[in-house]
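Please look at the sequence and the 3D view, then work through each task before reading its solution.

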Amino acid sequence: GTSPTWTQYVEAVCIAIFGIELALKVFADGKTFHRKLWNVLDALIVAIGVLGIILKLAGIGKGAFVVVEKLRLCRLLRLVRVLKLFTGLKELRKLIQMMAGCFKTLFWSCLLLFLMMT
């Protein structure tokens, strides 16, 4: 196979950092971890990243990997979490709200395309 590019190394490091952060959250929150939507989202992002790395290492064909690639769009939601801290900027908050409104439509569009292609 081909050797990994520097972006694949950066991706693996980011997934490892997110995984460590997730493990610390699980340890700190305990049984209440799953009650926060942001924690569930973080767990989903880490699981998708780990699954993608496992599929790459296993050499599974590109067809099975397409679904994982599409699920990586969930990482964009992590940006919304960071930008949520900037509540003082009205324009930025409006932009974030509009982007969040588009995710539902994007999800259903991707699901419809996936069903039509399989």
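Buried means under 20% relative accessible area, exposed means over 50%, and partly exposed lies in between (1.4 Å probe, protein chains only). The model is predicted: local features need pLDDT of at least 70, side-chain atom pairs count only at pLDDT 80 or more, and totals for chains, interfaces and linings use all residues. Residues are numbered from 1 along each chain as its sequence is written, and side-chain values use heavy atoms, leaving out hydrogens and water.

**Exercise 1.** Find how many salt bridges the structure holds.

*Solution.* Start with the rule: a salt bridge is a side-chain nitrogen of Lys or Arg within 4 Å of a carboxyl oxygen of Asp or Glu. With this rule, the structure holds two salt bridges. In one, K25 meets E21 at 3.7 Å, N to O. In another, K25 meets D42 at 2.5 Å, N to O. Put together, E21, K25 and D42 form a linked network of salt bridges.

**Exercise 2.** Decide whether K25 and E21 are buried, partly exposed or exposed.

*Solution.* Take K25: its relative accessibility is 15%, so K25 counts as buried. Next, E21 has a relative accessible area of 29%, so E21 is partly exposed.
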